[in-house]
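Please read the points below with the sequence and the structure side by side, and look up each residue as it is mentioned. The note begins with the whole chain and then turns to particular places in it.

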Amino acid sequence: MVWSFLTRPKPAPDPLVTLRLQARLGQLATELRRVEEDPSLYARAHHWFAVQNAYDALLREACRLAELPTDTDPLRASERSAADERLREELELSSRGWSW
């Protein structure tokens with residue numbers, strides 16, 4: 001038997017943390033587009049991989065905050081999310097009102 005007064009509802013995530021995460025996702029998305037569109041950028045592939053990895057890690061953190069199913073292991077420096085997984089996470093977040 002579980003006493004209802006002993007179980008506390010999970011507190012809602014801090015809206016300022018959510019807003020900061022959305023703003024950072026927007027900044028990384030803008031940076032990704034800038035790297036893709038600038039053919040004269042020195043070490044362009046390195047920059048693209050670095051920004052893409054940061055975007056994937058932040059997207060995974062956003063999914064955890066929104067309580068979406070995602071891989072629980074943190075991304076390592078040499079790992080990236082697959083494009084279809086990234087798209088699924090982006091669509092799930094946007095369906096829950098996230099925008100960046």
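1. Among contacts in the protein that join residues at least 6 apart in sequence, 61% link residues at least 24 apart. Please keep in mind from the start that this is a predicted model, and that the values in this note are therefore to be read as values of a prediction.

2. As for the overall make-up, the protein has three helices and zero strands, and the order of its elements from the N terminus on is α-α-α. Of the 100 residues in the protein, 28% are buried, while the accessible surface comes to about 7200 Å², with 58% of that surface belonging to carbon and sulfur atoms.

3. Which residues have the most contacts inside the largest nonpolar core? This core has 15 residues, and the ones with the most contacts inside it are L25, Y55, A62, L93 and W98. Helix 1, which spans 15–37, and helix 2, which spans 44–65, each supply at least two residues of the core, and it is helix 2 that gives the most, with six residues.

4. One of those core residues, W98, deserves a separate look in the viewer. If its neighbours within four places in sequence are left aside, W98 is in contact with T18, L21, Q22, A62, L65, A66 and L93, and two residues in this list, A62 and L93, are also named among those with the most contacts inside the core.

5. Is Q22 buried or exposed? Q22, which has its place in helix 1, has a relative accessibility of 15%, and because buried means under 20%, Q22 counts as buried. Apart from neighbours within four places in sequence, Q22 is in contact with G97, W98, S99 and W100, so that the contact between Q22 and W98 can be found from either residue.

6. The last point concerns aromatic rings. A pair of such rings is described by the distance of the centres and the angle of the planes. The count here comes to one aromatic pair, formed by W48 and F49, whose ring centres are 5.3 Å apart and whose planes stand at 75 degrees, so the pair is edge-to-face, given that planes over 60 degrees apart are classed in this way. Both partners fall between the limits for buried and exposed, which are under 20% and over 50%: W48 is partly exposed at 25% relative accessibility, and F49 is partly exposed with a relative accessible area of 38%.

Terms used:
Residues numbered from 1 in each chain as written. Predicted model: local features only at pLDDT ≥ 70, side-chain atom pairs only at ≥ 80, totals over all residues. Heavy atoms only, no water. Core = buried A, V, L, I, M, F, W, Y, C linked by side-chain atoms within 4.5 Å. Buried < 20%, exposed > 50% of the residue type's maximum accessible area, 1.4 Å probe, protein only. Helix = DSSP H or I, 4+ residues; strand = E, 2+ residues; numbered from the N terminus. Contact = heavy atoms within 4.5 Å. Phe/Tyr/Trp six-rings, centres within 6.5 Å; stacked < 30°, edge-to-face > 60°. Areas by Shrake-Rupley, 256 points an atom, 1.4 Å probe, with all protein chains shown as cover.
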